[in-house]
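This briefing sets out the fold, the aromatic pairs, the surface and the backbone of one protein model. The sequence and structure come first.

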Amino acid sequence: MKTLDWYIIKKFLVTFFFAIFLLSAIAIVIDITEKIDEFIDNKAPLYNIIFDYYLNFIPWIGLMLAPIFVFISVVYFTSRLTENTEIICMLNGGVSFYRLLFPYMFTATLLAMLFAYYNHILLPKNNKVKIAFEEKYASKKDSRTYDINYHYQIGKDTFIYTQSFDGISYNGFKFTMEKIKDKVQYFKISADNIQWDSTKQKWKLSNWNFRQFDGPKDIVRKGSDTLMRLPITPKEYVRQDYDIETMTTEQLKSFIADQKIKGNENVKTYEVEKYRRTAIPFSAIILTLIAVAMTTKKVRNGLGLYIVAGMLLSGAYIIIQQFSVVFATKGNLDPLIAVWIPNMIFGVVAALLLIRAPK
């Protein structure tokens, strides 16, 4: 590499890590303000606050917005180079525009690989420690949720349906379990209510009906309350959204395959997370291309104009990303396409800007 390459790489990295440092400092101050009462009330040790929580909080918040800060960093330091006519001198000195892109792309690719490695392997392990701390000392003491229309396949031909389940009281409503093979129903158990008995490790079925189809005769039974051992436990019902954050990508893939077999309707949420771990780091490369193409032309009030434009584009990227994820999890959009839509749109924008960039 030439001196010019190292110069741009140094500017890139110094500006980016300084921006991340400022972000982390601001985020920590805001988080402490929100959680200080919980830390005091729960007597959280200072050592655990620093090393179990904030040491893992920093990479979590940093990686969440890292591509956006890559973009803002490139906009900032490149617009400064343009304002000081350094970019113009480089182009007039015989350096082509695409050769000028090399150190930018080299650095952006390195950062993208670092983000991806951390997202797929290291961050889930950090999140496990952070979330354990939150469950013990902070706001995630009881994050069990109330699920609606729960479908679950517990065997090759056996299915469970529960209209709703309260993850706090372990109480389910409108429960059905049935065995269907070759479009023939073999038996069906239904109950108005099921309640988990933790002492006996069984379910209490209220107002239950049992029907077994046995040739020309049907066996029918009814009852008000009975204890029954079912092939499910409350942990099958209780969905903790942040559990996904503690799985490495390999664990996540295995989990998704298992949930598909069991017929979990929420599997798209997990697929979005799997694809997001690659798509978000890759966006750092696309956003770098856009930032360079935007800022290499000298204009009046360039620095302020470029920063405003950068903030608007960053906001647009986040909005498109959120909309596409909603269409995937709540609609019929394929999770892979949904996650990559922002990159595809901004990839086209990057290509158009590169064509129009001064060379």
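How many helices and strands does the secondary structure of the protein chain comprise? The chain holds nine helices and six strands, where helices (H or I, at least four residues) and strands (E, at least two) are DSSP runs numbered from the N terminus. The model is predicted, so local features need pLDDT of at least 70 and side-chain atom pairs count only at pLDDT 80 or more, while totals for chains, interfaces and linings use all residues. Residues are numbered from 1 along each chain as its sequence is written, and side-chain values use heavy atoms, with hydrogens and water left out.

**Overall dimensions and packing**

- The protein chain has a radius of gyration of 27 Å, whereas a compact globule of 359 residues would have one near 21 Å; the radius is taken over C-alpha atoms, and the globule rule is 2.2 Å times the number of residues to the power 0.38.
- The C-alpha trace spans about 95 × 55 × 35 Å along its principal axes.
- Of the 359 residues in the protein chain, 42% are buried (buried means under 20% relative accessible area, exposed over 50%, and partly exposed in between, with a 1.4 Å probe and protein chains only).
- Among contacts (heavy atoms within 4.5 Å) between residues at least 6 apart in sequence, 64% join residues at least 24 apart.

**Aromatic pairs**

- The count comes to 24 aromatic pairs; rings of Phe, Tyr and Trp (its six-membered ring) pair if their centres lie within 6.5 Å, and planes under 30 degrees apart count as stacked, over 60 as edge-to-face and the rest as tilted.
- Tyr53 and Phe133 are stacked, because their ring centres are 5.2 Å apart and their planes stand at 25 degrees.
- This pair links distant parts of the chain, with Tyr53 in helix H2 (residues 46-83) and Phe133 in helix H4 (residues 97-137), 80 residues apart.
- Tyr53 and Phe133 are both buried.
- Phe165 and Trp203 form an edge-to-face pair, at 6.2 Å centre to centre and 70 degrees between the planes.
- Since Phe165 lies in strand S2 (residues 158-166) and Trp203 in strand S5 (residues 202-214), the pair ties together parts that are 38 residues apart in sequence.
- Phe165 counts as buried at 1% relative accessibility, and Trp203 is buried with a relative accessible area of 0%.
- Ring pairs also link Phe39, Tyr53, Tyr54, Phe57, Trp60, Phe133 and Tyr137 into a cluster.

**Surface**

- The protein chain exposes about 19500 Å², of which carbon and sulfur atoms supply 62%; accessible areas come from the Shrake-Rupley method with a 1.4 Å probe, and for residues only the protein chains shown count as cover.
- Phe18, Phe21, Leu22, Ile26 and Ile30 form a nonpolar surface patch with about 530 Å² of accessible area together.
- Patches are made of residues with over 30% relative accessible area and no salt bridge, joining like charges within 9 Å and nonpolar side chains (Val, Leu, Ile, Met, Phe, Trp, Tyr) within 5 Å; a salt bridge is a side-chain nitrogen of Lys or Arg within 4 Å of a carboxyl oxygen of Asp or Glu.
- Within helix H1 (residues 3-41) lies Phe21, which counts as exposed at 56% relative accessibility.

**Positive phi values outside glycine**

- Lys43, a residue other than glycine, has a positive phi near 55 degrees.
- Lys43 sits in the loop between H1 and H2 and counts as exposed at 72% relative accessibility.
- Gln201 is not a glycine either, yet its phi is positive at about 55 degrees.
- Gln201 is placed in the loop between strand S4 (184-197) and S5, and at 43% relative accessibility Gln201 counts as partly exposed.
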